[in-house]
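Please look over the model below alongside these notes.

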Amino acid sequence: MQIIQGLDIPAEFRERRAVLALGNFDGIHRGHQALIKAASAAAAAGKGYAAALVFDPHPMRILFPERAPRLIIAQDYQSRLFRAYGLDAVYYYPFSPELARCSPESFVRQMLVESLNVSEVIVGFNYTFGHKGSGNPDTLKELGGYYGFAVQVIDPVLCGSEVISSSLIRQRLNAGDVRKARELLGYYPVLQGVVIEGEKRGRTIGVPTANLGVDSTYNIPAKGVYAAFATVEGEAETFRAVVNIGSKPTFHERYPLSAEAHIFDFAGDIYDRAMTLYLVERLRDEQRFDGIEALVRQIRADGENARACLAAAPLPEYR
């Protein structure tokens with residue numbers, strides 16, 4: 001799969017038209033997956049190559065930064081999922097105030113027709129585009145008829161009686177319900193970052209931890225202790241871990257939110273290496289303990305619970 005920053009069509013695709021999925025794709029949840037798979041199916045049927053157009057940064061970070069949602073996944077994991085679900089190319093295009101002022105017709109003509117030469121465009125039922133979101137799927141169908149491309153609109157994807165959405169997933173993550181979030185996403189919720197130096201207290205009590213530096217633009221699940229799988233840059237193995245997300249109340253009155261993982265059966269220096277945590281189950285709330293001995297006892301119990309949980313859990317698919 002080709003990852004393109006901008007709209008410069010790679011040479012291998014210039015003789016073919018694009019079957020283009022449009023959306024924010026925050027999280028690439030099961031609703032987004034329906035769009036991507038529809039684009040892949042249309043491309044396989046001979047309508048062109050399957051691609052997605054993604055605005056980066058998220059439009060809300062430009063238009064209403066104070067209301068911008070924290071993102072569910074980072075771009076590199078998003079690209080990994082795009083590839084896994086069958087896309088041939090992803091175009092990441094910088095969102096700007098100028099682009100936000102484009103009329104629906106200008107957006108379609110300039111970006112979809114003149115730049116990307118689309119044969120078919122695939123959107124969700126609630127897709128909006130153009131100045132102040134004035135365009136919708138009906139607008140797109142009308143413009144498609146004029147400019148000569150097809151439009152496919154994907155119906156809502158439900159989980160029970162709920163429409164799957166990025167906002168619903170953030171709600172479940174913020175409640176610590178990673179099991180439900182996985183059901184909505186179709187894969188384990190992830191935390192990604194680079195391992196940074198922490199207080200190094202874990203090694204003094206026999207439980208060394210890797211502190212994950214997570215960018216503040218990403219949605220960190222609720223405080224608590226989680227069972228998780230872990231992958232580390234440069235390591236082929238998928239490890240098992242117990243993860244604490246919290247503010248270390250046993251040692252501090254106030255401390256920045258941190259995510260630290262005790263990786264089972266692993267020894268080595270992983271500072272400055274990328275790590276991905278795949279959250280499987282929330283084991284308990286964050287707690288304050290009366291002393292180090294009580295904390296260590298609980299950490300050992302957490303480790304046993306995490307091992308038991310992970311023994312029955314399938315490995316992450318997209319790692």
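1. In this predicted model, the largest nonpolar core holds 68 residues. Phe25, Phe82, Met275 and Leu277 have the most contacts inside it. Strand S11 (residues 224-232) gives the most to this core, with 7 residues. Another core lies apart from it, with 31 residues, among them Phe13, Ala18, Ala100 and Leu116.

2. Check the surroundings of phenylalanine 82. Neighbours within four places in sequence aside, its contacts are Met1, Phe25, Ile28, Ile36, Ala52, Val54, Leu87, Val90 and Tyr92.

3. Phenylalanine 25 sits in the loop between strand S2 (18-22) and helix H1 (30-47). It is buried, with a relative accessible area of 0%.

4. Lysine 132 also has a positive phi, of about 55°, and is not a glycine. Its loop runs between strand S5 (118-124) and helix H6 (137-147). Is lysine 132 buried or exposed? Lysine 132 is exposed, at a relative accessible area of 76%.

5. Aspartate 56 and proline 57 are joined by a cis peptide bond, with omega about 5°. Proline 57 lies in the loop between strand S3 (49-56) and helix H2 (59-63).

6. Now the helix pair. The axes of H7 (residues 166-174) and H8 (residues 178-185) come within 8 Å and cross at roughly 160°. H7 is therefore roughly antiparallel to H8. Their crossing is left-handed. From H7, Leu168, Ile169, Arg172 and Leu173 meet Val178, Lys180, Ala181, Leu184 and Leu185 in H8. By class, this contact has 7 nonpolar, no polar and 2 charged residues.

How values were computed: Residues numbered from 1 in each chain as written. Predicted model: local features only at pLDDT ≥ 70, side-chain atom pairs only at ≥ 80, totals over all residues. Heavy atoms only, no water. Axes fitted to C-alpha atoms, helices over the stretch in contact; angles between N-to-C directions. Helix = DSSP H or I, 4+ residues; strand = E, 2+ residues; numbered from the N terminus. Parallel < 35°, antiparallel > 145°, perpendicular 65-115°, else oblique. Left-handed = near helix turned anticlockwise from the far one by under 90°. Contact = heavy atoms within 4.5 Å. Nonpolar A, V, L, I, M, F, W, Y, C, P; charged D, E, K, R; others polar. Core = buried A, V, L, I, M, F, W, Y, C linked by side-chain atoms within 4.5 Å. Buried < 20%, exposed > 50% of the residue type's maximum accessible area, 1.4 Å probe, protein only.
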